[in-house]
Amino acid sequence: FQQSGTLGNDDIARLESGEMQLQPKDFDINQVVCSTIFTFEQSIEEKQLDIRGLDADRIMVSADEDLIHQVVYNLVENAVKFVDAGGYIEISYRTEEKMTYISVKNSGEGISKEEISKVFERFYKTDRSRSQDKSGVGLGLNIVRSIIKLHQGEVIVRSTEGQFCEFTFTLPTAAPKQVPRHNSGELK
């Protein structure tokens, strides 16, 4: 991975073909989210955003931490880019037995119904993002979907125009650690 939080072309090709080898481990997804949001601190302050949901407890998932950092980075970058000034970005988690749901939601214009089905396509940029996002090439959400698919998860988008946009992705929940039980009997 390159330092900027972006995958190289070779990585993208391996991702899309399913050839990338995952290095899964248990880690706290909230820690990844918090450190990622911190990298956007300057933009967050400039736009005077309200950041919600960072006070969550540890949320343990089992996944490839580097790849998931890329997912979180892409989603947070979009949320910061397309949120309305003075608006909010909200992170939320829901853990079920096998899967954990991680959501990144921002207030603002949202995405039209016509464009929601296309946002994960390679190189697709919404009309609004073409005017607001001069540097992007439209790979971010395609990469997000490829990485989450590799983890047997899914990513969905919900949006209400003029109100919000929310991306939710799922990852395997980390198995609870078994604490070894000591025999309370005498040593023999």
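Modeller: Let's start with helix α7, which is mostly covered: eight of its 11 residues are buried (buried means under 20% relative accessible area, exposed over 50%, and partly exposed in between, with a 1.4 Å probe and protein chains only). The buried residues are L141, N142, I143, V144, S146, I147, I148 and L150. Keep in mind that this is a predicted model, in which local features need pLDDT of at least 70 and side-chain atom pairs count only at pLDDT 80 or more, while totals for chains, interfaces and linings use all residues. Residues are numbered from 1 along each chain as its sequence is written, and side-chain values use heavy atoms, with hydrogens and water left out.

To find α7, look at residues 140-150; helices (H or I, at least four residues) and strands (E, at least two) are DSSP runs numbered from the N terminus. After the helix comes Q152, with a positive phi near 60°.

What does α7 lie across? The helix lies across β6 and β7, and runs at about 25° to β7. Contact here means heavy atoms within 4.5 Å. Axes are lines fitted to C-alpha atoms, for helices over the stretch in contact, and angles run from 0 to 180 degrees between N-to-C directions.

Those two strands lead us to an open sheet of five strands, in the order β2-β4-β5-β7-β6 and with mixed pairing. Its edge strands, β2 (50-52) and β6 (155-160), each pair on one side only (two strands pair if DSSP finds at least two bridges between them). On average, neighbouring strands of the sheet are turned by 15° against each other, direction ignored. Strand β7 (residues 164-172) pairs with β5 (residues 99-107) in the antiparallel sense, over nine bridges. To see one of these pairings, find T100, whose bridge partner in β7 is L171.

Now for some side chains in this part of the model. E166 and R158 form a salt bridge, their closest N and O atoms being 2.4 Å apart (a salt bridge is a side-chain nitrogen of Lys or Arg within 4 Å of a carboxyl oxygen of Asp or Glu). E166 is buried, at 8% relative accessible area, whereas R158 is partly exposed at 45%. Another network joins D50, R52 and E90 through salt bridges that share partners. Within that group, R52 and D50 have their closest N and O atoms 2.9 Å apart. R52 is partly exposed at 34% relative accessibility, and D50 is partly exposed at 37%.

Across the whole structure, a search finds five salt bridges. One of them joins the side chains of E65 and K25, at 2.9 Å from N to O. This pair links distant parts of the chain, with E65 in helix α4 (residues 65-82) and K25 in strand β1 (residues 24-28), 40 residues apart. E65 counts as partly exposed at 25% relative accessibility, and K25 also counts as partly exposed, at 44%.

How many disulfides does a search of the whole structure find? It finds zero, a disulfide being a pair of cysteine sulfur atoms within 2.5 Å. As for cysteines, C165 is buried at 5% relative accessible area, while C34 is partly exposed at 23%.
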